[in-house]
Amino acid sequence: MEQNEIFLILIIVAVVIVTLSAILRRYRRCPSDRILVIYGKTGRQSSAKCIHGGAAFIWPVFQDYKYLDLKPISIECNLTNALSKQNIRVDVPCRFTVGISTEPEVMTNAAERLLGLTTDSIQSIATDILFGQLRLVIATMDIEEINADRDKFLASVSANVEAELRKIGLKLINVNVTDIRDESGYIEALGKEAAAKAINDAKKSVAEQNRFGETGKAMADKDTRVNVAAADADAVKGENSAKIEIANSDALRRQKTAEADRLAVAAEKVQAAKALQEAYQSERDAEIARAEREKATQQANIVVAAEIDKEKRIIEAEAEAEQARRRAKGEADAIFAKMDAQARGIFEVLTKQADGFKNLVGAAEGDAQKAVLMMIADKLPELVKTQVEAVKGINIDKVTVWDTGSGTDGKTATSNFISGMMKSVPPLNDLFQMAGMELPSYLKAPKKEEDAPAKPEEPKKK
């Protein structure tokens, strides 16, 4: 009994140790530079549970975990040809430092959208967002604001970028704009204008101080001369001499004062003229740059429109040519079909005629002459009708016959007239002979004796 109890105790201890070991293996601590993301059955409405700087137990089968790295990611965004509010393209090279945020809502976004991605993939996604927001901020600001008020520019960039980065679980740590350049030289012209203005202000201040120094010196000289003149007048000439000296001193003072004022005014006008000249020069350079940009824009609009119109005309001409070719091909096919149908019809007619002739020759036992006679016999009523029609249409209104009373072979002149008119119609035998054929003997009239050739006389017997 004691051994069984010991064995049971050992089994229980082993089960407890295995259970504690399994529990310890599933208990995960989160380091300070990472976020522990527990996903699976978390018991919350969110798809994952994010822990930063703590620990949690991972239930086997029902839950699993991964880490999100909080190390900053440095992204270089060398934005080029960005269009400002003044339609001037600028280059704004920037470097952004971003990282995964530790705010609860933002951590959830990071767990849903960035879990399992590499640092390069996260950097690529953030780069697309940074480029888009940077272009958007530049499009809402003037060149002067971007160049002069860097704090406002960086604040606008941070506000826009921060809002977009939060959607994927990132936050903006730092923005560093190294330099701003534009292709038209507008920023450089602004710098030259500011430098020229500072130089002109300095020259104006120097001229004013020189004027004040000369005036003070003149006043000191006047006091000295007045005092000396008064003492000399009192000592030497008395009151009248002092008055003369005073008058002379006043005249000299006015002369010096007028000379000093003239020099000061001249210096002021010279410096003002130089400042205006430099300002006009800057404005002229800016106008020249703007005119060149407008010229390039107009030229691009005209050339592009002309190229588009040219391509359109070429396509229309090709379409018309193709349509003409298809129409001509259709007409040619129609003509070919018509001629082919006519040829087939003629061929069929001739074929049928040839078959009829062949059958007719076969009926005449292969004798072509008999076949022809059969065809003529078939057409004989038409031939006789034609021969009769030759004299049928003759309209004889009146016939006058002068008969001398001398008849030949019992024929009168009238009978000779009628017989001669009938002889003018070609007899059937002559028609056959003209056609190269011989009328059958049973259709010929018997020859008269006078038509027969005269027999040679036999010699008389002595």
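Me: Where does Ser 101 lie?

Reply: Ser 101 sits in the loop between E7 and H2. Helices here are DSSP runs of H or I with at least four residues, strands are DSSP runs of E with at least two, and both are numbered from the N terminus. Before we go on: this is a predicted model, where local features need pLDDT of at least 70 and side-chain atom pairs count only at pLDDT 80 or more, while totals for chains, interfaces and linings use all residues. Residues are numbered from 1 along each chain as its sequence is written, and side-chain values use heavy atoms, with hydrogens and water left out.

Me: Ok, is Ser 101 buried or exposed?

Reply: Ser 101 counts as buried because its relative accessibility is 2%. Buried means under 20% relative accessible area, exposed means over 50%, and partly exposed is in between (1.4 Å probe, protein chains only).

Me: What does Ser 101 touch?

Reply: Leaving out residues up to four places away in sequence, Ser 101 touches Ile 35, Val 106, Met 107, Gly 169, Leu 170 and Lys 171. A contact means heavy atoms within 4.5 Å.

Me: And what does the side chain of Ser 101 reach at 3.2 Å?

Reply: That's the backbone nitrogen of Glu 103. A polar contact is a pair of N or O atoms within 3.5 Å; within protein, one must be able to donate a hydrogen and the other to accept it, and residues adjacent in sequence count only if both atoms are side-chain atoms.

Me: Now helix H2. Which of its residues are buried?

Reply: H2 covers residues 104-113, and its buried ones are Val 106, Met 107, Thr 108, Ala 110 and Ala 111. Val 106 and Met 107 also turned up among the residues that Ser 101 touches.

Me: What covers the buried residues of H2?

Reply: The cover includes strands E2 (34-40), E3 (48-51), E5 (63-69), E7 (89-100) and E8 (170-177), plus helix H5 (150-166).

Me: Switching topic: how many disulfides are there?

Reply: The count is zero, with a disulfide taken as a pair of cysteine sulfur atoms within 2.5 Å.

Me: What about salt bridges, how many does the whole structure have?

Reply: A search finds 13. A salt bridge is a side-chain nitrogen of Lys or Arg within 4 Å of a carboxyl oxygen of Asp or Glu.

Me: Which residue forms one with Arg 290?

Reply: Glu 287 does, and the closest N and O atoms are 2.8 Å apart. Both lie in helix H7 (residues 239-363), three residues apart, which is about one turn of the helix. Arg 290 is partly exposed at 41% relative accessibility, and Glu 287 is partly exposed at 42%.

Me: Why does that spacing matter?

Reply: An α-helix has 3.6 residues a turn, so residues three or four places apart point the same way.

Me: Which residue does Lys 329 meet in a salt bridge?

Reply: Lys 329 meets Asp 333 at 3.3 Å, N to O. They are both in H7, four residues apart. Salt bridges that share partners also join Glu 322, Arg 325 and Arg 326 into one network. Within it, Glu 322 and Arg 326 are 3.1 Å apart, N to O.

Me: Where's Thr 127, and what does its side chain reach?

Reply: Thr 127 is in helix H3 (residues 119-139). Its side chain reaches the backbone oxygen of Gln 123 at 2.6 Å. Thr 127 is buried, with a relative accessible area of 16%.

Me: Last one, what's the overall picture?

Reply: The protein has ten helices and nine strands. Of its 462 residues, 18% count as buried. Among contacts between residues at least 6 apart in sequence, 65% join residues at least 24 apart.
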